Amino acid sequence: MADIVKVATRDSYGAALVELGAQDPNVVVLDADVAASTRTNWVKDQYPQHFYNLGISEQDMVGTAAGLALGGMVPYVSTYSVFLSGRAFDQIRTTVCYNNLKVRFGGAHAGISVGPDGATHQALEDIALARVLPKEKGADAW
């Protein structure tokens, strides 16, 4: 039996974003000041011109991503899942989903998996809220 190599989800996410950046110059990564936790700092290190740290401002980050998508870019929005679902739900729903914009969301540490960061970084409703959002036209599933 082959050895199973376990890789943290955030490491896979960061590596995939670096790979996407190498393949498509329109890919941009937006982060809410948690780049070390989401591993988007790997994009910042390799493609700094495609990385934007918008600070702890999730609503603004989603609006910025929508504007970038309207301009032909392919934004990947990255932060903790609780902050996407809790702070930026309305912007995701009305600005991105209703306009069928090609914005991708990476919600790290979903549910209560973040552990020691405490209750403010945990949510039981994050996945439920994401499931009720309108999906991209033509998409079979999230």
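Which strands does helix α1 (residues 9–23) lie across? Helix α1 lies across β1, β3 and β4, and runs at about 165° to β3. Keep in mind as you look around that this is a predicted model.

- Four strands make up an open sheet, and their order is β2-β1-β3-β4. The pairing between them is parallel.
- The edges are taken by β2 (51–53) and β4 (104–108). Each has a single partner strand, so one side of each is left without a neighbour in the sheet.
- On average, neighbouring strands of this sheet are turned by 20° against each other, with direction ignored.
- Five bridges join strand β1 (residues 27–31) to strand β3 (residues 74–80), in the parallel sense. To find one of these spots, look for Val29, whose bridge partner in β3 is Tyr76.

- Arg39 and Asp11 form a salt bridge, with their closest N and O atoms 2.7 Å apart. Arg39 sits in the loop between α2 (35–38) and α3 (41–46), while Asp11 belongs to helix α1; the two are 28 residues apart, so the pair links distant parts of the chain.
- Is Arg39 buried or exposed? Arg39 has a relative accessible area of 18%, and it counts as buried because the cut-off is under 20%. Asp11, at 22%, counts as partly exposed.
- Another salt bridge brings together the side chains of Arg87 and Glu58, at 3.2 Å from N to O. Arg87 is in helix α5 (residues 81–87) and Glu58 is in helix α4, so this pair ties together parts that are 29 residues apart in sequence.
- Glu58 is buried, at 2% relative accessibility, whereas Arg87 is partly exposed at 38%.

- Arg93 pairs with Asp90 in a salt bridge whose closest N and O atoms are 3.0 Å apart.
- Both residues lie in helix α6 (residues 89–97), three residues apart, which is about one turn of the helix.
- Arg93 is partly exposed, with 26% relative accessibility, and Asp90 is partly exposed too, with a relative accessible area of 38%.

Terms used. Residues are numbered from 1 along each chain as its sequence is written. This is a predicted model: local features need pLDDT of at least 70, side-chain atom pairs count only at pLDDT 80 or more; totals for chains, interfaces and linings use all residues. Side-chain values use heavy atoms; hydrogens and water are left out. Two strands pair if DSSP finds at least two bridges between them. Axes are lines fitted to C-alpha atoms, for helices over the stretch in contact, and angles run from 0 to 180 degrees between N-to-C directions. Contact means heavy atoms within 4.5 Å. A salt bridge is a side-chain nitrogen of Lys or Arg within 4 Å of a carboxyl oxygen of Asp or Glu. Buried means under 20% relative accessible area, exposed over 50%, partly exposed in between (1.4 Å probe, protein chains only).
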